Amino acid sequence: MSKAAIAIVGAAETTRMGKVPELSQTGLHADAALNAMAECGLTPADIDGIATAGHDAAEIAQYLGITPTWLDSTSVGGCSFILHVRHAAAAIATGLCKTVLITHGESGRSNNRAHRPLFPSMQQQEFESIYGPLFPPARFTLPVMRKMKDDGLTIEQLAMVAVVQREWAAFHPRATSHDPLTLDDVLSSKMIAWPFTKLMCCLVSDGGGALILTSAERAKDFPTKPVYLRGMGGESCEGPMISQMEDFTTSKAFRVSGKAAFESAGILHSDVDHLMLYDAFAHLPVYGLEDLGFVGKGEGGAFIAEGRTRPGAELPLNTNGGGLSYMHSGMYGMFALQEGVRQMRGTSPAQVKDAKLSVVHGVGGMFSGAATAVLTSEDQW
Amino acid sequence: MSDRTQPTIYPETQFYWEGAKQGKLLLNACTPCGNKPFFPPRPFCPHCGSREVTVMQASGRGALHSFVISHLPAPGYEPPFTVAVVMLEEGVKMLTNIMNCPPDPDHLELDMPLELTFETRGDLKIPQFQPAKGGAA
C-alpha cells in the first residue's frame, strides 16, 4: 500500500475567459491566483513557492505580494504547468517550500501583454521560419501528412476529433463553443493549412488558471477536497525545430514523459478513468493516445472516430472540449489540469461517474516539450 | 520576394550560407560516426558529442517527406504556399518550399523526388527544392 505524498488543494480559472479585454496578462495571472487562494482559504502570505511559464515568476510574485523560498520559471510551452506540478511535488517533498502556487495567465486574444510566451529558437528562426511557417497552424501540422501515409490516419478521423470534443464541450457552460458539429462542418470550414481546416485548429482566447499544492498531510486541513498526485509524473522534450523530430509519426517527448508517469504511478492503462491530451490541433490526441500506449501505433485516429472517447464511451477524453472547443489561451496545459482536478473532485459539468484516476498529458511548443501528471481522488492505493 | 525574412546567421553556420552563395548545400558530418551527416549545422555531433566534424556537400537529391499548404500570411509570400520537409538522400531532413510547383495537393505526392535549387533573397541564396526533372532522383 502506498500513501499519497502531495495534493492539489486549490484550483481555479480566471473569473472570465474567452475575451477579457479589461485585464492585462499580469492581471489574468492574479485573477486566477486570487480565485484559487480564496477557494482554499489562503492569502499571499501563506504561499512560499511560486511557478509560472511564459511570464517572469518574479513579476507574478511581486504583483501578488508573495515572498517565495522556491521559484520555478520553467517555460517550455503550454505543458509547462504540468512540469511545474512535478517540480513543485519534488520541492515540497524535499522541504524547499510548503505551499506552491502555479499560475497561468495569457492575453492570447486581446494581446494585453509585453511579449509572446514562448522563447524564440535561434535555429528554428534561421532554418525554418525563413520558409514561411510563422504561425503554429502551418508548423505544428507539418508531420501529419507523413503520419497519414505511413499509419493510415485519415482526414475524416482528424475531423472527428473536433466533432467528438464538441460533444464534451456541450456540458460546459464556460466553454467557448457549445453547438454540435458534424463531420461536414469541420471538413468544409475555412482552409488554414491544408489539410487542416479552421475547426481542426484551437481557439485563441484570453484567460488563466492557478493551482495550489501542498503535502498530502496538510491537505486534510483545507476546506477543498484534495486531489492527490499518484507518482511523480513525467516530462521530456524533443526541441523546437519540428523538421528535426526523429519520427514524424510519433513524438519521442510524449513517449518518454508518458512512460515515466505510468511507471512512477504504478498504473496500467486499464486503470485510467479519465484522460486529458492537450489538443492545440486535431492530430495531438491521436499522437497522445498512441504515444502514451492507450492504443497501438496507427490506431489513434480510428479509436476517436469510432466514438470510443465520446461521452458515455470507454475512455473519456478531453472532457472540457479541449483547446478546440473549451478555450485556448496559447499555453493551454493549465486548463487540461483544471479539468483533471474537477473530474477528481467530482465537480466537472461533464463528470465521469466514479472516476478515480485521471491522466493529464500536455505538449509544449510544437512537439517540442511534453509533460504528464497522474491525478487521483484516493489518498492511498 | 525580397520582403521574405532573412536568416540571422551565427558564427557556427556562416559556412552553410557561404556555401549556398556558391550553389552548394553544405552539411556537417561526424567522423567517429562514420561520416554521418546531421542538420542543422553545429561544430559537434548531436549523436555522439564528438567535435570531430567535417563539412560535406549534399548531393541535392531528396524526397518529399511531408508538407502543408499554408493559407496564412508570411512576409514576401503569397498564400497559399507550400511548406515542406525534404528528406535528403544523405538521411537528414530540412524545411523547404516547393519551387516551380503549384501549391496544390494534386501536384504534391509524398516521397516524390525533389532536387535542390536556390532562391535569391537579398545578397543571400536560400536552399530550396523543386520537383526533380525527369522523375526518379
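1. Chain A of this predicted model falls into domain 1 (6–115 + 205–228) and domain 2 (133–203 + 232–376), with bounds from an automatic or database domain assignment. Between the centres of the two domains, taken over C-alpha atoms, lie 23 Å.

2. Local features need pLDDT of at least 70, side-chain atom pairs count only at pLDDT 80 or more, and totals for chains, interfaces and linings use all residues. Side-chain values use heavy atoms, without hydrogens and water, and residues are numbered from 1 along each chain as its sequence is written.

3. Contact (heavy atoms within 4.5 Å) links 42 residues of domain 1 to 37 residues of domain 2. The buried area (accessible area, 1.4 Å probe, lost by two parts on being put together, summed over both) is about 3000 Å², with 61% from carbon and sulfur atoms. On the domain 1 side, A:Glu13, A:Ile82 and A:Arg86 lose the most area to domain 2, together 23% of what that side buries.

4. Four salt bridges are counted between the domains, each a side-chain nitrogen of Lys or Arg within 4 Å of a carboxyl oxygen of Asp or Glu. A:Glu13 also forms a salt bridge with A:Arg174, the closest N and O atoms being 3.1 Å apart.

5. Which elements give two or more residues to the side of domain 1 that touches domain 2? They are strands S1 (6–13), S4 (100–107), S7 (206–215) and S8 (227–229) and helix H3 (80–93) of chain A, as DSSP runs (helices H or I, at least four residues; strands E, at least two) numbered from the N terminus. H3(A) gives the largest share, nine residues.

Notes:
Chains are lettered from A and ligands numbered from 1 in the order in which they are written.
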